[in-house]
Amino acid sequence: MAAERGAAGPSAAVKALGVAGELLITIAVIIGLFVLWYAYFNPWVVGLRQEHVAAQQSRQLSQQLKSQASPPASAPSPGAAAAGDQRPSAVPVMAEPPNIADTIGVVYIPRLGSDWRRILRESVNTELVLNSVTAGVGHYSGTAMPGGVGNFAIAAHDIGYGNSFLNLSKLRLGDKVYIQTSLGWYTYTFRNFQFVQPDAINVLDAVPTVSRTPGSDRLITLTTCYPAIFPPLERVAAYGTFVGFSTAPPAELAPLLAKDG
Amino acid sequence: MYRALWRSLPGPVVVRILILALMTAVLLVVLDQWVFPWMAATFVDDQATVGPAS
């Protein structure tokens with residue numbers, strides 16, 4: 001690895017230069033490794049872990065739902081939607097959890113990968129939610145909850161810590177976003193993108209970008225940074241609309257859920 | 001630096017290479033577990049959310 005010149009003994013200055021050069025090369029290699037680690041290796045490791053814990057969480061929620069549904073009419077069910085009632089008024093909406101990082105449910109977006117799913121937690125706290133190996137997707141506190149009237153807004157990283165929303169801008173019209181909670185399955189359908197400045201908090205409004213207007217629609221907004229380089233100078237907001245609630249899992253997810261057993 | 005390291009290692013070439021491989025493995029684990037997470041938290045602007053810059 002080292003140069004084989006100057007066996008007779010180079011001067012101290014040349015030796016110092018050699019050491020400095022080797023140090024610089026070492027630092028450069030470590031920075032290069034860091035970039036590969038950040039963009040590929042760590043997201044791969046973290047993403048697998050996030051998918052694994054999301055699968056566990058999903059199974060647990062399904063069992064919970066089954067046990068709630070099995071004693072028919074014995075307990076007053078939350079909302080009248082146990083029979084798959086699709087009237088909007090019958091959609092049960094869970095209360096927003098009081099603490100940051102409380103688990104809300106599991107997000108499924110088939111377009112982001114056949115195995116893609118992530119645990120959704122309260123707040124977009126970086127350490128406890130977005131960077132967490134057991135979460136990945138966060139709910140903007142104060143926005144609507146799944147199925148609720150208004151704007152149900154969530155966020156995730158595109159590059160780094162699981163690459164959760166790396167392919168968010170590849171969503172196509174009509175793609176589904178499924179949210180599983182302890183109450184059941186909420187389905188949203190993707191409608192359009194908006195590319196905005198990082199401070200464009202108005203994409204979270206009940207009527208996106210129209211502040212102080214109480215919306216009557218049930219919307220979803222997914223945000224991540226854009227483009228996937230550093231520093232990301234913009235944000236992308238993916239909007240969708242609510243299409244239905246069911247206590248049964250969506251047919252599109254059947255193959256993935258079947259793998260869980 | 002690396003030449004001095006190589007000279008300071010004991011044993012024949014095969015043993016030295018094995019020791020170096022082990023040292024590299026340890027270095028990679030240290031980087032993965034501690035150094036790179038710190039670099040990510042310190043140097044990378046990874047804001048994924050809309051809102052006031054934090």
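How are helix 1 of chain A and helix 2 of chain B oriented to each other? Let's find out in this predicted model, one close-up at a time.

**View 1. Helix 1 of chain A meets helix 2 of chain B.** The axes of helix 1 (residues 12-69) of chain A and helix 2 of chain B come within 10 Å and cross at roughly 85°. An angle of 65 to 115 degrees counts as roughly perpendicular, and the two helices are therefore roughly perpendicular to each other. Helix 1 of chain A brings A:Ile30, A:Leu33, A:Phe34, A:Trp37 and A:Tyr38 to this contact. Helix 2 of chain B answers with B:Leu31, B:Asp32, B:Phe36, B:Met39 and B:Ala40. By class, nine residues of this helix contact are nonpolar, none is polar and one is charged.

**View 2. The side of chain B that touches chain A.** Stepping back to the whole contact, we find 18 residues from chain B and 30 residues from chain A. On chain B, helix 1 (2-8) and helix 2 (13-43) are the elements that give two or more residues to this side. Helix 2 of chain B supplies the largest share, five residues. Sorted by class, this side of chain B has 11 nonpolar, three polar and four charged residues.

**View 3. Chain B on its own.** Here is a chain with two helices and zero strands. The radius of gyration of chain B is 19 Å, well over the 10 Å that the globule rule gives for 54 residues, so chain B is more spread out than a compact globule. The C-alpha trace of chain B spans about 60 × 20 × 10 Å along its principal axes. Of the 54 residues in chain B, 11% are buried.

Methods:
Residues numbered from 1 in each chain as written. Chains lettered and ligands numbered in written order. Predicted model: local features only at pLDDT ≥ 70, side-chain atom pairs only at ≥ 80, totals over all residues. Helix = DSSP H or I, 4+ residues; strand = E, 2+ residues; numbered from the N terminus. Rg over C-alpha atoms; globule rule 2.2 N^0.38 Å. Buried ≥ 20, exposed ≤ 12 C-beta atoms within 10 Å, placed from the backbone. Contact = placed C-beta atoms within 7 Å. Nonpolar A, V, L, I, M, F, W, Y, C, P; charged D, E, K, R; others polar. Axes fitted to C-alpha atoms, helices over the stretch in contact; angles between N-to-C directions. Parallel < 35°, antiparallel > 145°, perpendicular 65-115°, else oblique.
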